[in-house]
Amino acid sequence: MSARRIVIALALSAMALMLAGCGGGGAVRPDEAQSSGPTAALSGMSMGGFNLGSAIGVAKGAQEAFGEVSEPQEIEMGRSIAAGLLGAAPLQKNAAEQRYVNNVGLWLAQFSGRPDLPWHFGIIEAPTVNAFATPGGNIFVTRGLMLRIHSESELAGVLAHEMGHVVKKHHLNDIRKNAKKGLVLDLASLKGGGGLGGEAARAVARVGLEGYVRGLSREDEMEADAIGVVIAARAGYEPYGLVSVLQTLQTVPQSDASMALFLKTHPSPADRLSALERKMPSSFEALAKPNPALSRYNQTFKPPGK
Amino acid sequence: MNMRFIDRKICGRIGLALVAALSPLLSTAEPAVTVRQVELRTTPASDAKSVATLPAQSSVDLVQRQGAWVQLKSGKNTGWAKLFDIRLGAAGSGSGTAGKQGSGNSLSETLNLASGNRGASVTTGVRGLDADMLSKAVPNPQEYAALVGYTSTKEQSQSFAKAGKLAPRTVEFLK
């Protein structure tokens, strides 16, 4: 255990004692204690005879570095990971495009099952083809992917797929499974003085970004596809936008460097298309009437050279 | 942008701005391949009259997309098929055809790239957001604040949806 971790662990133990004190007075219910206190990750760890795990609601699961995460904690984690992604590649500097993506995204979010998360959407300045979701509702699309998107329905399909990951907490569960044992996620200090520039935010971002390099499971990706087409359809978009994007990505040669990480971390577009064809019922065809109002997309996202 | 499919007289009438808005819908001519035997139909409907029957692996041009349907051109025949009946790209190209590599040619791949994205500026071989950059990144609070600054309110997104004629629908999650 590094010196820093010991310091954080000691801080946690002090906070846990305080929480335990509150609990003893009957003022704080266990769920409140969990949402306002440190989430962290000292599974089964005991310090000075005081079991942190039981005091702060940490899971004892052998495979999980830390346990249940409340929604406020999930949101705090997401902020750190989103800031981390933006540390790797900044936002594209085009306010009209960023606002457009946020309008589409927030509209979709109303049909996601988690409408009240603090949803944020951004285009990041990277030529690679990819999209990312963080726990808590931050969703990013790379400029490289935007260049291969033809329409608002296709954009909606991509955003809704990412929303599927958030709704099903795929990344959150991935982090819980894969974070190294003994890792300390001091979420309380994320909210406090440290902020996004602090050590705790760095540690959370590091774990989250590792997840984007590793990729989610094939099952998670397929599930997000299936949820995404339904969210898009519920929001009034034709449900085949994601299908069109996957067909476009299928045309890019495997050797194309801009596709390397995407192909490494996702099932092949061909497999995803086969699964969607199997799952999407013929009744969806009636939800796909032409909508000329959506030609507005081409005014904001102008094809280069026009 | 290819304008072959736009009637010149219509162009004159509806004006350049509208053409600019609609031309991506009208003039998308991308190479594609049928993945099964396909009936080309007169309209985008399963009960529409068949124009022609194309065998699997036929090379076609995708003229336009319309929801679950695509309009295809094959020689002299033009008609509608299901989106899932085709794979974009010329025969043998792309990332989804492992095992069939090598039959594509550089010309068709050039065409795919030119039509498969919004422009010719997609870069190949340029370092983007890769594993190394993700692993080394540290949070950027200023950029996160900028992200939050672009957030829509629910009211804004509702107005946006209304302008786009997007009406909520009840749709069950898929099995």
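**View 1. Pro281(A) sits in a loop between two helices of chain A.** In this predicted model, the loop that holds Pro281(A) runs between α14 and α15 (297-300) of chain A. Is Pro281(A) buried, partly exposed or exposed? Its relative accessibility is 31%, so Pro281(A) counts as partly exposed, because that class lies between the limits of 20% for buried and 50% for exposed. Setting aside neighbours within four places in sequence, Pro281(A) is in contact with Tyr240(A) and with Leu174(B).

**View 2. Helices α12 and α14 of chain A cross each other.** Here we meet α12 (residues 241-250) and α14 (residues 269-279), whose axes come within 9 Å and cross at roughly 150°. Angles over 145 degrees count as roughly antiparallel, so α12(A) is roughly antiparallel to α14(A). The crossing of the two helices is left-handed. On the α12(A) side, the contact is made by Leu242(A), Val243(A), Leu246(A), Gln247(A), Leu249(A) and Gln250(A). Helix α14(A) contributes Pro269(A), Ala270(A), Arg272(A), Leu273(A) and Leu276(A). Sorted by class, the residues in this contact are eight nonpolar, two polar and one charged.

**View 3. Helix α14(A) has buried residues covered by other helices of chain A.** Which residues of α14(A) are buried? They are Pro269(A), Ala270(A), Arg272(A), Leu273(A), Ala275(A) and Leu276(A). The cover over them includes α7 (152-167), α11 (218-234), α12 and α13 (260-265) of chain A.

**View 4. Tyr237(A) belongs to the largest nonpolar core.** This core has 44 residues. Those with the most contacts inside it are Val104(A), Leu108(A), Trp119(A), Leu145(A), Leu155(A), Leu159(A) and Tyr237(A). What does Tyr237(A) touch, not counting residues up to four places away in sequence? In chain A, its partners are Val104(A), Trp107(A), Leu108(A), Glu152(A), Ser153(A), Ala156(A), Ala232(A), Leu287(A) and Leu294(A). From chain B, Phe160(B), Leu166(B) and Arg169(B) also touch Tyr237(A).

View 5. Followed along the sequence, the chain reads α-β-β-β-β-β-β-β-α-α-α-α. Of the 175 residues in chain B, 40% are buried. Among contacts in chain B with a separation of 6 or more, 45% come from residues 24 or more positions apart.

Key: Residues are numbered from 1 along each chain as its sequence is written. Chains are lettered from A and ligands numbered from 1 in the order in which they are written. This is a predicted model: local features need pLDDT of at least 70, side-chain atom pairs count only at pLDDT 80 or more; totals for chains, interfaces and linings use all residues. Side-chain values use heavy atoms; hydrogens and water are left out. A nonpolar core is a set of buried Ala, Val, Leu, Ile, Met, Phe, Trp, Tyr and Cys residues joined through side-chain atoms within 4.5 Å. Buried means under 20% relative accessible area, exposed over 50%, partly exposed in between (1.4 Å probe, protein chains only). Contact means heavy atoms within 4.5 Å. Axes are lines fitted to C-alpha atoms, for helices over the stretch in contact, and angles run from 0 to 180 degrees between N-to-C directions. Helices (H or I, at least four residues) and strands (E, at least two) are DSSP runs, numbered from the N terminus. Angles under 35 degrees count as roughly parallel, over 145 as roughly antiparallel, 65 to 115 as roughly perpendicular and the rest as oblique. A crossing is left-handed if the near helix is turned anticlockwise from the far one by less than a right angle, and right-handed if clockwise. Ala, Val, Leu, Ile, Met, Phe, Trp, Tyr, Cys and Pro count as nonpolar, Asp, Glu, Lys and Arg as charged, and the others, Gly among them, as polar.
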